[in-house]
Amino acid sequence: MEEIVIYVHGKGGSAQEAEHYKALFPDCEVIGFDYHARSPWEAAEEFPGFFAAVRKRCEKLTLVANSIGAFFSFASLNEKLVDASYFISPIVDMEQLICNMMRWAGVSEAELAEKLEIPTTFGETLSWEYLCYVREHPVSWEIPTHILYGEKDDLTSMETIKAFAKKNNAELTVMPGGEHWFHTKEQMQFLDNWIKNRRPCKETENKDGLASPAYSSGNRAGADGLRHQKSC
């Protein structure tokens, strides 16, 4: 197989979501990864073995990951296992997100260090072990990457996603009015066109439904305009 695509779902999602991406990668085998990890250290144990086994069957492995699935990928994979990646609403700064959740819950760092785990009213359990781990294991990602981000994402700020894209030389596309969870008809159409326009060896044009280059950072973070050209 020339290229295999692995889809990594976000929290509350499932590997079955990979079915949606088969039409977007028609010449590839698309696999949904039914992982069990609930922490980055568990992902570091589980993800590499799965990806290594698939990598042996293809010339190119492409990763499509959503939300915390992207974060777990950052925490466990490298350029030896993945050749290219598409991230949808990725969690790129887990330490910042945990600190934000602590603030929302009115929990101090000293209190969390003492109690180790604290449930919240919004369904998340704050963990001192988790916070310490992400501080001790900063994200490093050197794989060619495209990022799709919703302007109204309530988990990752615009400033944070732009800083990550610039640091890691990733292309960033922002959907005006988009949310963290891409699920409406309009959002899914935007997502589909975003992927189609970035597939290699095809004529690409601006099908994002956008007239202004302000919605994308271009070829790489910091550049102007969208990339609309032949890639092969």
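User: How do the residues of the lining of the second largest pocket divide into nonpolar, polar and charged?

Analyst: That lining has eight nonpolar, four polar and four charged residues, where Ala, Val, Leu, Ile, Met, Phe, Trp, Tyr, Cys and Pro count as nonpolar, Asp, Glu, Lys and Arg as charged, and the others, Gly among them, as polar. This is a predicted model, in which local features need pLDDT of at least 70 and side-chain atom pairs count only at pLDDT 80 or more, while totals for chains, interfaces and linings use all residues. Residues are numbered from 1 along each chain as its sequence is written, and side-chain values use heavy atoms, with hydrogens and water left out.

User: Which residues lie nearest the centre of that second largest pocket?

Analyst: Of the 16 residues that line it, Val 92, Asp 93, Val 139, Phe 164 and Lys 167 lie nearest the centre. A pocket here is an open set of points on a 1 Å grid over the protein atoms alone, with protein on both sides within 12 Å along at least five of seven lines, and a lining residue has an atom within 4 Å of a point. The space in the second largest pocket comes to about 320 Å³, a volume being what is filled by probe spheres set on points joined across faces, edges and corners.

User: Which helix gives the largest share of its lining?

Analyst: That is H6, with four residues, and H3, H5 (128-136) and H6 (158-167) each supply at least two; helices (H or I, at least four residues) and strands (E, at least two) are DSSP runs numbered from the N terminus. Domain 1 (3-92 + 140-197) and domain 2 (93-138) each provide at least three lining residues, with domain bounds taken from an automatic or database assignment.

User: Then how much space lies in the largest pocket, and where does it lie?

Analyst: About 990 Å³ lies in the largest pocket, and because domain 1 and domain 2 both give residues to its lining, this pocket lies between them. Its lining has 38 residues, with Gly 10, Lys 11, Ser 67, Ile 68 and Glu 124 nearest the centre. Two or more lining residues come from each of H2, H3 (94-105), strand E6 (125-127) and H7 (185-196), and H3 gives the most, five. By class, 22 are nonpolar, 12 polar and four charged.

User: What lines the largest cavity?

Analyst: Its lining consists of Ile 91, Val 92, Asp 93, Gln 96, Leu 97, Leu 155, Thr 156 and Thr 160, which by class makes four nonpolar, three polar and one charged. A cavity is a set of grid points where a 1.4 Å probe fits but cannot get out, and the count is one cavity of 30 Å³ or more. The largest cavity holds about 40 Å³, and it lies between domain 1 and domain 2 because both give residues to its lining.

User: Changing topic, is strand E4 mostly covered or uncovered?

Analyst: Strand E4 (residues 84-88) is mostly covered, with five of its five residues buried, meaning under 20% relative accessible area with a 1.4 Å probe and protein chains only. Ala 84, Tyr 86 and Ile 88 point one way from E4, while Ser 85 and Phe 87 point the other way.

User: Which strands pair with E4?

Analyst: Strand E3 (residues 60-66) runs parallel to E4 and is joined to it by five bridges, and strand E7 (residues 145-150) also pairs with E4 in the parallel sense, over four bridges; pairing requires at least two DSSP bridges between two strands.

Notes
Buried < 20%, exposed > 50% of the residue type's maximum accessible area, 1.4 Å probe, protein only.
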